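Dear colleague,

Please find below the structure that I am handing over to you. My findings follow it, arranged by topic.

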Amino acid sequence: SCISCGQCIVNCPTGAIVEKDDTDKVLAAINDPEKFVIVQTAPSIRATLGEAFGMSIGTNVEGKMVAALRRLGFDKVFDTNFAADLTIMEEANELLDRVQNGGTLPMITSCSPGWIKYCEHYYPEQIPHLSSCKSPQQMFGAIAKNYWAEKMGIKREDLVVVSIMPCLAKKYECKREEFSMNGNPDVDYVLSTRELARLIK
């Protein structure tokens, strides 16, 4: 019945349940001279990361966060906002096509992997209503590995894409089979805000 939402971790009264920590894998990739490691950050991270360092709730730490990510060794730092714009455009195109050509309505966005898994397991009859567009995280990964890597002269298998996300279901999402090409995932690792804070510390 698990939908990988992470609420058990959030609500565990003793802190005994924690997310699967991928920081060692990310550090190994950063330290591998054969790999080019890039990172994308969800918009909310810049407003929540500061709390782990004693700053007031909602403090914008975007500049500090980017500087920390570069000092950790990431080769490039990207903002998932760009992919969110792409997702909005693709979803708008899909909605127009459904409206004009008698497609299934209403159309429901597909940016929450926990919710998608819930729908697939408990309400599969609603699947035709889901948008076919990838989430911003997965859209960024696909563009980075299939377009940006080629433009930069980097082989897909040598590019490691790391996401910093507020939602633990994003860890599950990047492992879905449909989000890989020949066994190489579009997004290799997802770190939570807490994992990033621990990594910086």
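**Two helices in contact**

Helices H4 and H9 cross in a left-handed sense. H4 covers residues 62–72 and H9 covers residues 193–200; the two pack at an angle of about 60°, and their axes are 11 Å apart. Please bear in mind that this is a predicted model. On the H4 side the contact is made by Ala68, Leu69 and Leu72, which meet Leu196, Leu199 and Ile200 of H9. The residues of this contact comprise six nonpolar, no polar and no charged. In soluble globular proteins, nonpolar side chains tend to be buried together.

**The nonpolar core**

The largest nonpolar core has 32 residues, and Phe74, Leu159 and Val162 touch the most other members. At least two core residues come from each of several elements, including helix H2 (23–30), helix H7 (136–152), H4 and H9. Strand E3 gives the most to this core, namely six residues.

Which residues does phenylalanine 74 touch, leaving aside those up to four places away in sequence? They are Val26, Ile30, Val37, Ile38, Val39, Leu69 and Val162.

Seven of the seven residues of E3 are buried. Both of its faces are covered: one side carries Leu159, Val161, Ser163 and Met165, and the other carries Val160, Val162 and Ile164.

E3 pairs with E1 in the parallel sense over six bridges, and valine 37 stands opposite valine 160 in E3. E3 also runs parallel to E6, to which four bridges join it; here isoleucine 164 stands opposite leucine 191 in E6.

**Backbone features to inspect**

Most residues other than glycine have a negative phi, and most peptide bonds are trans.

- The peptide bond from leucine 105 to proline 106 is cis, with omega near -5°. Proline 106 lies in the loop between helix H5 (81–100) and helix H6 (113–122).
- Serine 4, which is not a glycine, has a positive phi of about 60°. Serine 4 is located in the segment before helix H1 (7–11).
- Asparagine 182 also has a positive phi, near 55°, and belongs to the loop between strand E4 (180–181) and strand E5 (184–185).

Is asparagine 182 buried or exposed? Its relative accessible area is 81%, and a residue counts as exposed when this value is over 50%, so asparagine 182 is exposed.

Yours sincerely

Definitions and conventions: Residues numbered from 1 in each chain as written. Predicted model: local features only at pLDDT ≥ 70, side-chain atom pairs only at ≥ 80, totals over all residues. Heavy atoms only, no water. Axes fitted to C-alpha atoms, helices over the stretch in contact; angles between N-to-C directions. Left-handed = near helix turned anticlockwise from the far one by under 90°. Contact = heavy atoms within 4.5 Å. Nonpolar A, V, L, I, M, F, W, Y, C, P; charged D, E, K, R; others polar. Core = buried A, V, L, I, M, F, W, Y, C linked by side-chain atoms within 4.5 Å. Buried < 20%, exposed > 50% of the residue type's maximum accessible area, 1.4 Å probe, protein only. Pairing = 2+ DSSP bridges.
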